[in-house]
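Please read it alongside the structure shown here.

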Amino acid sequence: MLNRADIQHLIPDAVTYALSEDIGNGDITAQLIPEEQTATARIISRQEAVICGVDWVNEVFKQVDPNLTLEWQVDDGDLVQRDQVLFYAKGSARNLLTAERAALNFLQTLSGTATISKFYADKVIGTHVKLLDTRKTLPGLRFAQKYAVTCGGCFNHRIGLFDAFLIKENHIMACGGIKEAIQTAQNNEPDKPVEIEVESMAELKQALDAGADIVMLDNFSLDEMCKAVELTKGKAKLEASGNITDKTLRPIAETGVDYISIGALTKHCQAVDLSMRLIEH
């Protein structure tokens, strides 16, 4: 599970890149405003949402102008209501407006990920299942989105291709079979968890016999999942995957599987509608 400390070192570079593609060689519209003019901005959410991205916003304003000050009214993981104030920003009017879009882009995208994660997490309250994200993230925002998933109450699958095995159909074919793939993984990286995807009960039995840590049940029916849980009896963790929707989520959770992976947490997120307005003095 990624936490706030895990992503801090990645934020400055992400913000620098975002600002460079937005500002280029200068914000020509902001330069219409007198250099000495100051202002206060109020940022609100136009919808109910789970907030995520505070540290990215802080870094944007800091890089644009370290003299800008932010007064947060909320924090990552907070559920906010329509028209609720998220934070106030004070300082140079020019620089507030230059920082606006990059800051809100991070905040609206990560809050969108956190919000949809809460939507799915709420569907399985009362079950023991953990909802997992996938690697279907926005390029360059892998760690950020996976952190946002945790703010919404879901959990992280492997971060990338380096921290855990996930052996799929093509890997199995290239390795010569389920047993061969699992044994090779265990020999190559004995300290890394080995997960393998199966498409039938026969393949599940092979995976269990070979000592897989986690078995992904790919597009199993509800009846097949129940049989898989009974067959496995704790020998390995079971993960349901494939065409999971908010309608099928609860019935799948009630089969007794340990995990459900949902690509929609990160790839189908809809940015939260935010607004920044300068306050008249």
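Residues 24 or more positions apart account for 70% of the contacts in the chain with a separation of 6 or more, a contact being heavy atoms within 4.5 Å. The model is predicted: local features need pLDDT of at least 70, side-chain atom pairs count only at pLDDT 80 or more, and totals for chains, interfaces and linings use all residues. Residues are numbered from 1 along each chain as its sequence is written, and side-chain values use heavy atoms, with hydrogens and water left out.

**Overall build**

- The chain contains 11 helices and 12 strands; these are DSSP runs, numbered from the N terminus, with helices being H or I of at least four residues and strands E of at least two.
- Along the principal axes, the C-alpha atoms fill a box of roughly 75 × 35 × 25 Å.
- Of the 281 residues, 48% count as buried, where buried means under 20% relative accessible area, exposed over 50%, and partly exposed in between (1.4 Å probe, protein chains only).
- The accessible surface is about 14,100 Å², and carbon and sulfur atoms hold 48% of that area; areas come from the Shrake-Rupley method with a 1.4 Å probe, and for residues only the protein chains shown count as cover.
- There are 28 positive and 40 negative side chains, with the centres of the two sets 4 Å apart.
- In that count, Lys and Arg are positive and Asp and Glu negative, while His and the chain ends are not counted; each charge is placed at NZ of Lys, CZ of Arg, CG of Asp or CD of Glu.

**Helix 8**

- Helix 8 spans residues 201–210, and Leu204, Ala207, Leu208 and Ala210 are buried in it.
- These residues lie on the same side of helix 8 because they cover an arc of only 165° around the axis, the arc being that of the directions from the helix axis to the C-beta atoms.
- The cover over the buried residues of helix 8 includes helix 7 (178–188), helix 9 (222–232), strand 8 (194–198), strand 9 (214–218) and strand 10 (237–241).

**Aromatic rings**

- The structure has 4 aromatic pairs; rings of Phe, Tyr and Trp (its six-membered ring) pair if their centres lie within 6.5 Å, and planes under 30 degrees apart count as stacked, over 60 as edge-to-face and the rest as tilted.
- The pair of tryptophan 72 and phenylalanine 87 is tilted, because the ring planes are at 35°, and the centres are 4.3 Å apart.
- This pair links distant parts of the chain: tryptophan 72 is in strand 3 (residues 69–72) and phenylalanine 87 in strand 5 (residues 84–92), 15 residues apart.
- Tryptophan 72 is partly exposed at 22% relative accessibility, whereas phenylalanine 87 is buried at 0%.
- Ring pairs join Phe61, Trp72 and Phe87 into a cluster.

**Loop residues**

- Aspartate 83, in the loop between strand 4 (79–80) and strand 5, has a positive phi near 70° although the residue is not glycine.
- Aspartate 83 is partly exposed, at 44% relative accessibility.
- Lysine 233 sits in the loop between helix 9 and strand 10, and its phi is also positive, near 50°.
- Lysine 233 counts as exposed, at 63% relative accessibility.
- Lysine 168 is in the loop between strand 7 (165–167) and helix 6 (169–175) and is partly exposed, with a relative accessible area of 34%.
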